[in-house]
Amino acid sequence: MTQTTVDPGEVAKFEAMAAEWWDPTGKFKPLHMLNPTRLDYITRQIAAEFDRDLTAEKPFAGLRLLDIGCGGGLLSEPMARLGATVVGADAAARNIPVAQIHAEQSGLDIDYRCITAEEMAAAGEQFDVVLNMEVVEHVSDPLAYLTACQQLLKPGGLMICSTINRNTKSFAMAIVGAEWVMRWLPKGTHEWNKFITPEELKELLRNAGLTPEDATGFVFNPITWTWSLSKSDLSVNYVTASTKPA
């Protein structure tokens, strides 16, 4: 039997919110607000790595992409629209029908599966791109999980991995602000001690057999209520790009 890094308690939290994935004012409001900035980063990294023209009609045609921890499909759908062959995987079973129905309504062909990274790696599946967004802080063993993700990449493949830094500011913003004050997320969605600093993530990626290429912050402006990318501010939310040696 394949070992798994899935934390059942973490899965249960997201299953409880499954029906709200596509409600921009619901429990996933922060993700809907962040999504354009995430997509900006993701699309530019993929285009640079695989020499694609983002002004083309289907710039990611021919690329096989895995969205691990896909939730309701907030990233899988735009990737499919850009021409990628998309597999969306999530350990929370209740997310999958939500994602499938929304993709069908949107006229998109996405292969959604309730499966873990470890199970897919054991089956020998491989992808050009792995999107690994806001998952690593929810697993029981980050190194084992990232190693499975590395195995899922073809040589020369690209992984985009985002998470939350662990410091006083992230506790104030991601937990006190988002969960207690704004009530954007149910209390207990995040565990501060599971957050990962950029230095720790870089080390984990290297130990998993990947080459870190970039780290960029997602910065929220509470005055304009907008997100932006920052090369210098990785204090709360941040994203990394790493490659698998060819």
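**Figure 1. Helix H4 lies across strands S2 and S3.** This is a predicted model: local features need pLDDT of at least 70, side-chain atom pairs count only at pLDDT 80 or more, and totals for chains, interfaces and linings use all residues. Residues are numbered from 1 along each chain as its sequence is written, and side-chain values use heavy atoms, with hydrogens and water left out. Helix H4 covers residues 95-105 and runs at about 165 degrees to S3. Contact means heavy atoms within 4.5 Å. Axes are lines fitted to C-alpha atoms, for helices over the stretch in contact, and angles run from 0 to 180 degrees between N-to-C directions. Helices (H or I, at least four residues) and strands (E, at least two) are DSSP runs, numbered from the N terminus. S2, H4 and S3 make a right-handed β-α-β unit. Right-handed describes the crossover: with the strands pointing away from the viewer, the path from the first strand over the helix to the second runs clockwise.

**Figure 2. Strand S2 pairs with S1 and with S3.** Two strands pair if DSSP finds at least two bridges between them. Five bridges join S1 to S2, and these strands run parallel. Here Leu65 stands opposite Val86 in S2. Strand S2 (residues 85-89) is joined to S3 by three bridges, again in parallel. Ala89 faces Arg113 of S3 across this pairing. S2 is mostly covered, with four of its five residues buried. Buried means under 20% relative accessible area, exposed over 50%, and partly exposed in between (1.4 Å probe, protein chains only). Another right-handed β-α-β unit is made by S1, helix H3 (residues 76-81) and S2.

**Figure 3. Eight strands form an open sheet.** Their order is S3-S2-S1-S4-S5-S8-S6-S7, and the pairing is mixed. Strand S3 (111-113) and strand S7 (226-230) stand at the edges; each has a single partner strand, so one side of each lacks a neighbour in the sheet. From one strand to the next, the twist averages 20 degrees. Helix H8 (residues 198-207) lies across strand S5 (153-164), strand S6 (211-221) and strand S8 (237-243). H8 runs at about 20 degrees to S8.

**Figure 4. Glu125 and Arg64 form a salt bridge.** A salt bridge is a side-chain nitrogen of Lys or Arg within 4 Å of a carboxyl oxygen of Asp or Glu. By this rule the count is ten. In this pair, the closest N and O atoms are 2.8 Å apart. Glu125 sits in the loop between helix H5 (117-122) and strand S4 (127-133), and Arg64 in strand S1 (residues 64-68), so the pair ties together parts that are 61 residues apart in sequence. Glu125 is buried, at 17% relative accessible area, and Arg64 is partly exposed, at 24%. Salt bridges link Arg64, Asp111, Arg113 and Glu125 in a network.

Figure 5. Arg166 and Glu200 form a salt bridge, with the closest N and O atoms 2.7 Å apart. Lys169 is partly exposed at 39%, and Asp233 is partly exposed at 25%.
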